[in-house]
Amino acid sequence: MGRGPAPEVPARPGKSGGPVEQQWLSRRAHEAEGAAAGGFDLTQCVREPIHLLGGVQSCGSLVAVDPATGLVEVAAANTGALLGVAAADLVGGPVTRLLPAALFEEAVRAAGDEDGVPAALDPPEEVTARGRRFDVSAHRRGGLLILEFEPRDDGDAQARGFYQGVRRALARLRSAAGVAECCEVAVREVRALTGFDRVVAYRFDGEDGPGEVVAEDVRQDWEPWLGLWFPATDIPPQARRLYRENWIRVIADVDDASVGLHPPVRPATGEPLDLSQAALRTVSGFHLEYLRNIGVRSSMSVSVLRAGRLWGLIACHGAEPARITPEVRSACEMFGAAFSLQLSAIEERERADALVESAARTAAVAEVLERGRLDEGLGGGGGPLLELMAADGVVLRRAERTLGAGEAFPPALLRTLADRARGLTPGGLWCTDRLAEEEPADRADGTAGGPSGVLMVPLSGEGEYLAWRRPERPMPRQWAADPAQPVRVGPRGERLTPRGSGAVFRAAVRGRSLPWTVRDQVAARELWRLLTGLVLRHADVLDAINDELRMRNTDLDSFAHAAAHDLKEPLRGISNAATFAMEDAADGLDETTLRRLQTMQRLAGRMDELLNSLLHYARLGRAGLRIREVELGRAVDAALEVAGPRLAERRVRVVRGTLPRVWADPDRLDEILVNLLVNAAKYAREDGERRVEVTVERRPLPPAGRDGAQAPAGTEQVIVVRDNGIGIPAERHQDVFDLFRRLHGPAEHGGGTGVGLALVKRIVERHGGRIWLEAAPGGGTAFYFTLAASEPAPEPA
């Protein structure tokens, strides 16, 4: 069954030929409706085991032999008429009753050790039956050697000039420059080789979708099919599977009376003989009726594969019965293989041309990204990345940041792309022009206006990617049959019929975007290659920076050690010397000298405080954290034991709400709270009520990235220390967190070293959190901080 979209198409034309627009239901719904109305169950076609139909076409005969013993296990019922030994007499006896032992051994060798395609044999002149020579082919299937016998006619007109025709066909095929020309050459040459009345190149829209006639060579009095689409139900899944396994399929006469097998069921398996690879395999009655209803008496199909997938078929139809000789069949099979290879070669050539064409543009995009101008590459109204792919939206997910430009990607689709990126190998990509079919609606958010096409290239195995989106682009199609009514009344009754009348049914396929071409995919891979080189270069730079940082940290450790021992000792000596001088000569010092000694003593003490603060700040960057669950209320009580005297001295009242448990290092959390409370005491207002409040709030999560990146859903827990003091001007909000930076003089507002808020910021960041403030002159200050190590609180239902 096809997996096509729900099309919106005209109804069947009336007498005037003008279409009447109507909304169609999905194809499956129509199939069920048609089955109910007409009594024909279309699902029978899908369920039918066409490789186990238990018969062969009467133009030849078949036996299945145990290759180890040479005993016949199954024989076609017509072996007596064609080969001179009845099937009942053959079964259980040696196959040498039909062919010499040497030829049997050659057949065993030619068939190989595994299931495979038939290998033709060239029997000696004396191997005849009833005065006729036979072409013999052999292949293995299900542990048996299957031998097929087809009468040879040495005077057959098809054999004249045969090899010259094959060489000419292959030469013309090799000269084809594009896919369209390749298909045109193929249908013309196959018709010349076989003599069929119609030969078409039939391309599938996906391996299980409908098919389009992309090239045709047909006799003048037959209605052309070029450009028409045929429903996916015309070729059910099991038939497509056999087309992948067996390159060629011939039906000599649709009215042929099939020949049964003896015995009908293999004793070893309880099933009919598997004839998947047999050239003489009988045909489904449904397909025969299909062919009869369109006036076809004989047919042949040659598979076209690309990268192991079924690309399409070369389909041949004849108005009269036609027996295609093994030589011609083999030539067509070889031609089909050459056609498949030529398509692959054309695709590789297109890929190479696309690489050259897109190299300059991808290099320009990579240069923009390399210079760090992500806002130019992903911002504004589109930029180079959008133009590169003719897309309406692009998103880059890297290092926990999501940057986008153009139309937004639904959040669920972003998660889907991250999942797919984790499953792709480096340099791979994933693309689709039918997103609603590839992803369930609950994952793709396929709402109106959403993307219908996506191309994504992974940047790492960690869910990082670069992806483009395209909008829906309805595509017109002309159907040879009404897809809503695949079952129609034909000359032989109610069966599958591709043409209910001479009318063409026009459709607009919905839910599809402009397809991603080879050029698009090559450009994406080339951009991935350039970005990978960019990342490696940046990694080298980062390694060098890290090496330098490690050296500087070592220097900082040395400096901290010197500050703790070497510098503090001279300072104590200077302070002590000033003290001793003042004590020993207190009465003999003049006022100026005494003041200078006191200044020396005070500055030495301040220098000692600064060194202590610097040493503490440096140690915070290296000391490990002991994270555990802490009652925030008790942490505030402990901080008030230290900061309480300063708050009481300034007559600052402390207010707090209901405080939850948090996850933090208790000692470092105490340090945060003490510094913020002391800071509130220092900068309390001179008049009116003085108050500081400790609360917890829930706030929306911050944006995941810059450049208009969409903020993720959800909230986070934020601890707030808010006072009603003198406030801070907006332009100085970041200055307060700088080391040794005070906004006032050393002796103003209680003095200090300017280290307290820098320590708070360092501790919060060590916890993986953030700190910021909101303040205005005279309006008080509120410090907000998070502790990202905390367990996330459950979101409200």
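R651 sits in the loop that links α18 to β27 (653-656), and in this predicted model it takes a positive phi of about 55 degrees although it is not a glycine. With a relative accessibility of 61%, R651 counts as exposed, because the cut-off for that class is over 50%. Buried residues make up 46% of its 797 residues. Of the contacts between residues at least 6 apart in sequence, 69% join residues at least 24 apart.

**Backbone geometry in loops**

- A390 is another residue with a positive phi, about 50 degrees, although it is not a glycine.
- The loop that holds A390 runs between α12 (384-389) and β17 (393-398), and A390 is exposed there, with a relative accessible area of 53%.
- H262 and P263 are joined by a cis peptide bond, with omega at about -5 degrees.
- P263 belongs to the loop between β14 (259-262) and α9 (285-293).

**Helix α18 against α19**

- Helix α18 (residues 632-649) and helix α19 (residues 666-682) have axes that come within 8 Å and cross at roughly 40 degrees.
- The two helices are therefore oblique to each other, and their crossing is right-handed.
- On the α18 side, the contact is made by L632, A635, V636, A638, A639, L640, V642, A643, R646 and L647.
- From α19 come L669, D670, L673, V674, L677, V678, A681 and K682.
- Sorted by class, this contact has 15 nonpolar residues, 3 charged residues and no polar ones.

**Helix α19 against α20**

- α19 also meets helix α20 (residues 756-766): the axes come within 9 Å and cross at roughly 145 degrees.
- This crossing is left-handed.
- R668, E671, I672, N675, L676 and N679 of α19 make the contact with G756, L757, L759, V760, I763 and V764 of α20.
- By class, the contact of α19 with α20 has 7 nonpolar, 3 polar and 2 charged residues.

**The two sides of α5**

- In helix α5 (residues 101-111), the buried residues are L103, F104, A107 and A111.
- Viewed down the axis of α5, these buried residues fall within an arc of 105 degrees, so they line one face of the helix.
- An α-helix has 3.6 residues a turn, so residues three or four places apart point the same way.
- A102 and R109 are exposed on the other side of α5.
- G112 follows α5 and has a positive phi, near 75 degrees.

- E464 lies in the loop between β20 (453-458) and β21 (465-470).
- Its relative accessibility of 15% makes E464 buried, because the cut-off is under 20%.
- Leaving aside neighbours within four places in sequence, E464 is in contact with R397, R398, A399, A421, P458 and L459.
- W528 is found in helix α16 (residues 518-584).
- With neighbours within four places in sequence again left aside, W528 is in contact with P426, G427, V457, P458 and L459.
- W528 and L459 are 69 residues apart along the chain, yet their C-alpha atoms are separated by 7.0 Å.

How values were computed
Residues numbered from 1 in each chain as written. Predicted model: local features only at pLDDT ≥ 70, side-chain atom pairs only at ≥ 80, totals over all residues. Heavy atoms only, no water. Helix = DSSP H or I, 4+ residues; strand = E, 2+ residues; numbered from the N terminus. Buried < 20%, exposed > 50% of the residue type's maximum accessible area, 1.4 Å probe, protein only. Contact = heavy atoms within 4.5 Å. Axes fitted to C-alpha atoms, helices over the stretch in contact; angles between N-to-C directions. Parallel < 35°, antiparallel > 145°, perpendicular 65-115°, else oblique. Left-handed = near helix turned anticlockwise from the far one by under 90°. Nonpolar A, V, L, I, M, F, W, Y, C, P; charged D, E, K, R; others polar. Arc of directions from axis to C-beta.
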